[in-house]
Amino acid sequence: MEVVRFTLNGDPVEAGVRAGETLVQTLRERFGLTGTKQGCDLGDCGACTVLFDGEPVLSCLVLAADAEGHSVVTIEGLSNGEELHPVQKAFLDEGAVQCGYCTPGMVLTTTALLDANPDPTEAEIRRALSGNLCRCTGYTKIVRAVRRAAEASRADGRGGE
Amino acid sequence: MEAFEYASPHTTESALKLLGGRWGETEILAGGTDLISAMKDRVTTPKRVVNLKKIKGLKRIEYSAHSGLRMGALVTIQDLLDNKVAREHYPALAQAADGIRGEQMRHMGTVGGELLQRPRCWYFRNGYGLLAQYQGKSLVPDGQNRYHAILGNSGPAYFVNASSLAPILIALGGKARLHGPEGEREVELRKFYTTPMKEEDREYVLKPNEILTEILVPPDKGGKMAVYEVREKTALDWPLVAASVVLHLSGGTVRSARVVLGHVAPVPWPVPEAGQALEGKAVTEEIADQAGKAAVSKATPLSQNGYKVRLAHIAVKRAILSAVKGEA
């Protein structure tokens with residue numbers, strides 16, 4: 001057992017973790033944050049995506065011990081209380097959700113994309129989401145939601161000026 | 001995953017002291033995208049894992065006109081893509097990095113790990129070993145071999161080297177810097193990869209007690225370059241074949257040409273025959289096609305992968321034409 005300290009959704013946390021314990025296990029089983037999905041558990045599906053120092057990573061391939069000193073954001077940390085994050089709202093408004101299993105990963109990857117590139121082209125959106133698989137339907141509504149979120153974020157930005 | 005001892009040293013020297021002399025007992029962790037999944041699948045069951053991410057000096061990326069590009073082994077694929085100087089001088093290297101899918105992999109995966117990733121051969125990943133043997137015989141020739149080697153497959157190995165960066169780095173004349181207990185050594189990347197002859201061998205000359213610390217690429221000197229990949233899907237997957245080309249022209253004529261194929265052999269596969277088909281000539285579609293044909297003239301496809309011969313031929317042709325047009 002090793003004690004790991006990191007920032008989780010803005011709060012300092014610590015947990016005792018096994019060597020070989022992955023971050024997705026720690027998040028789900030020790031912190032009860034089951035919004036992060038353990039899908040393929042081999043890095044193929046993207047369902048376990050979290051933001052690690054603001055960048056999208058696959059929490060099934062990160063050892064929990066390696067979170068020491070870093071900042072982790074899960075889907076539970078994205079909204080501001082009851083107020084949804086613009087990316088969450090756009091996914092909801094566009095109906096870009098069917099079973100919902102891939103959605104937390106999709107939303108977090110999108111959040112990182114829009115932070116780095118507020119006005120992505122469709123090709124850039126598809127490239128950014130190439131590591132997030134949806135097996136229900138297709139990606140049309142998801143891509144539309146990302147564009148809507150980008151527009152909403154830019155409008156928000158202008159409104160603040 | 002089996003239990004293991006975990007160490008996160010802060011210097012290369014202290015990391016070296018934690019490595020053993022035999023493969024498999026100790027594994028080195030960088031981005032984790034290959035190692036952690038291989039450990040979950042029990043493809044490897046190390047007693048100790050040595051994490052390199054706390055070693056600061058391995059994340060540098062620098063360029064000088066005199067010595068070229070130096071990349072620490074822990075530079076991520078995204079760091080490489082974000083580096084404007086690297087993109088400007090080695091556009092085809094950025095092209096190859098861009099082919100690595102998806103977003104999470106590019107942020108986690110490192111250049112060193114990309115070069116040292118283990119084969120994707122499904123027999124290897126399912127516990128049959130590097131040589132895919134069962135009862136003393138390879139399962140590949142009579143098995144599911146549509147993604148396996150079409151070149152360099154006369155020995156016992158049929159897997160393909162999975163690296164997307166190695167072929168273009170070889171075409172650019174890149175080197176690997178290795179740290180071991182007796183100090184440092186540099187190995188040209190074209191000599192870095194080897195075809196294993198027995199199950200205990202690895203796919204490269206790196207020793208179990210050495211660490212790949214840096215990649216060195218000589219100055220580009222006006223080379224025209226491109227990578228052309230053929231893929232089955234645009235999402236997370238490895239290419240079926242890829243061709244990397246670096247050309248030097250004088251007055252419209254090819255002075256020198258280096259062509260290296262990826263995903264076709266147990267090692268990145270340089271094809272001097274393709275270079276010879278170009279040298280001394282002006283590049284036309286017909287000449288590029290002849291070079292593509294020459295590149296696969298020695299191919300020995302298996303029962304299900306003859307299609308890769310044609311793909312490699314066309315990839316070489318298109319990479320050459322793309323390099324000349326400066327599309328990279």
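**View 1. Polar contacts and salt bridges between chain B and chain A in the predicted model.** Nine residue pairs, both members at pLDDT 80 or more, are in polar contact across the interface of chain B and chain A. Four salt bridges are also found across this interface. In one salt bridge the side chains of Arg127(A) and Asp98(B) meet, with an N to O distance of 2.5 Å.

**View 2. The side of chain B that touches chain A.** Helices α2 (35-40) and α6 (103-108) of chain B each contribute at least two residues to this side. The largest share, six residues, comes from α6(B). By class, the side comprises 10 nonpolar, nine polar and eight charged residues.

**View 3. Extent of the contact between chain B and chain A.** The contact involves 27 residues from chain B and 27 residues from chain A. Together the two chains bury about 2,100 Å², of which 60% lies on carbon and sulfur atoms. Lys40(B), Gln104(B) and Met108(B) account for 28% of the area that chain B buries against chain A, more than any other three residues.

**View 4. The five-stranded open sheet of chain A.** The strand order is β2-β1-β5-β3-β4, and the pairing is mixed. Strands β2 (11-17) and β4 (55-58) stand at the edges with a single partner strand each, so one side of each has no neighbour in the sheet. From one strand to the next, the twist averages 40°.

**View 5. Strands β3 and β5 of chain A with helix α3.** Strand β3 (residues 49-52) and strand β5 (residues 71-73) pair in the antiparallel sense over two bridges. Phe52(A) stands opposite Val72(A) in β5(A). Helix α3 (residues 103-116) of chain A packs on the sheet and touches β3, β4 and β5, its direction making about 35° with that of β3(A).

Key
Residues numbered from 1 in each chain as written. Chains lettered and ligands numbered in written order. Predicted model: local features only at pLDDT ≥ 70, side-chain atom pairs only at ≥ 80, totals over all residues. Heavy atoms only, no water. Pairing = 2+ DSSP bridges. Helix = DSSP H or I, 4+ residues; strand = E, 2+ residues; numbered from the N terminus. Axes fitted to C-alpha atoms, helices over the stretch in contact; angles between N-to-C directions. Contact = heavy atoms within 4.5 Å. Buried area = accessible area lost by both parts, 1.4 Å probe. Polar contact = N/O pair within 3.5 Å; in protein donor to acceptor, adjacent residues only side chain to side chain. Nonpolar A, V, L, I, M, F, W, Y, C, P; charged D, E, K, R; others polar.
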